[in-house]
Amino acid sequence: MNPAYATVDRTFTVPLDHRAPDGPTLQVFAREVVDPARAGDELPWLLYLQGGPGGKSPRPSAGSPGWLPHALTTHRVLLLDQRGTGRSSPVTARAAAHFDSPERLADHLGHFRADSIVADAELIRRELCGDTPWETLGQSYGGFLTLTYLSQAPQGLRACYVTGGLPGLTATADDVYARTYPRVRDRVLDFYARYPGDAARLRKIADLLAADDVRLPDGDRLTPRRLRTLGLALGMGDGFERVHWLLDESLDEEGELTDTFLHQVASLTGFADNPLFAVLQETLYGQGAGPTGWAAARALADFPEFAEDADPLLLTGEMMYPWMFREIRGLRPFADAADLLAARTDWPPLYDARRLAANEVPLAAAVYHDDMYVDAGLSLRTAREIGATRVWVTNEWEHDGLSASGGRVLARLMDMAAGGA
């Protein structure tokens, strides 16, 4: 038990396919967290829906995550490891390698989208709360889950808070990436404006990687295109500094890449602990409107400024490419299944536009004006299409404002949902 919090670990058995409740099952883990001084009180539940996809819920420590102390002043919090993550029947590279065919693995992975996660949450709510609705806090992808929840089971919800996570209800993967590349480009150029020397250093490293066979500690080759995926971090509040200080220690006095740099790059770009983030990224936008078809890779051709020989060298962001599943050790067991998911045409819808328009559950959402990951324009369009929704647009915070603000973002959203300013 963390001395700052009283915690209870809970495990629930859920169907792999909620349409076939007598079939195979999964174990879903969640951690109940409460202020020790209020452990015996009757408190409303707040379900935390983690960003991702493929990310486990945060592990609490004193004052972390930053929003948790504020939430515990009024609520009992449930930190859910969404199916396939953390301690919830995790889908790892090792687990994927045990499937006897790509088709079986792809079929299995098809049960790890928002509709299944929401069905898990409702099963858990009924076990913990009976008929009493609870509140949800959705960060990033957790906001996508929130809208699926409001579409499938609004009776289970009393109020919802979303930070950086209102998706376009009908946006295809092509729509999303057409908007994503310009935002990433602008973000990288802002990074270079803050740290002008890093543009030249990245180009030097990329040229070195193109000329030499440089290996990461796990044996993977570090290529210029894998180097560019470091741009994924730039959308967070501390992202510029994280990348800058990584580059600061990248080259030794002889101009060779340091072991420190290679170790950190392997960790940051290897997906060893969250392969579903890569595997399921484009499935978020599959809703029966044709295959997603590796949309990020196809869209890349429309943005010549992202060419590997362009100057300055542009990093990439939250885009997944087919080559990653052949070149990255932690993703290789998923390669053929990922191709099958990209070709799938029968994804069920995740959002019910009619039900969302008639929504009566208070929904308060923070939209980050400069969000690199979730397009603010699509988010604001969605907000206008959902009943009982209030939106706060801000450029004070980046995508991680929920935690970085120390509870201030959550406090404002709770006030908004309750009818405050």
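Mentor: Helices (H or I, at least four residues) and strands (E, at least two) are DSSP runs, numbered from the N terminus. The model is predicted: local features need pLDDT of at least 70, side-chain atom pairs count only at pLDDT 80 or more, and totals for chains, interfaces and linings use all residues. Residues are numbered from 1 along each chain as its sequence is written, and side-chain values use heavy atoms, with hydrogens and water left out.

Trainee: In which loop is Asp252 found?

Mentor: Asp252 is partly exposed, at a relative accessible area of 32%; buried means under 20%, exposed over 50%, and partly exposed in between (1.4 Å probe, protein chains only). Its place in the chain is the loop between helix H9 (239-248) and helix H10 (259-269).

Trainee: How many disulfides does the count come to?

Mentor: A disulfide is a covalent bond between the sulfur atoms of two cysteines. Here the rule asks for a pair of cysteine sulfur atoms within 2.5 Å. The sulfur of Cys160 has its closest cysteine sulfur in Cys129, 14 Å away, which is too far for a bond. By this rule the count is zero.

Trainee: Are Cys129 and Cys160 buried or exposed?

Mentor: Cys129 has a relative accessibility of 13% and counts as buried. For Cys160 the value is 0%, so this residue too counts as buried.

Trainee: What residue forms a salt bridge with Asp120?

Mentor: A salt bridge is a side-chain nitrogen of Lys or Arg within 4 Å of a carboxyl oxygen of Asp or Glu. For this pair the closest N and O atoms are 2.7 Å apart. Asp120 is in helix H4 (residues 114-129), and its partner, 37 residues apart from it, is in the loop between strand S4 (76-80) and helix H2 (93-97). Asp120 is buried at 2%, and the partner is Arg83.

Trainee: What separates Arg125 and Glu122 in helix H4?

Mentor: Their side chains meet in a salt bridge of 2.6 Å, N to O. Because they are three residues apart in helix H4, the separation is about one helical turn.

Trainee: How many salt bridges does the structure hold?

Mentor: Some are linked in a network, which joins Asp9, Arg31 and Arg87. For the structure, the number of salt bridges is 29.
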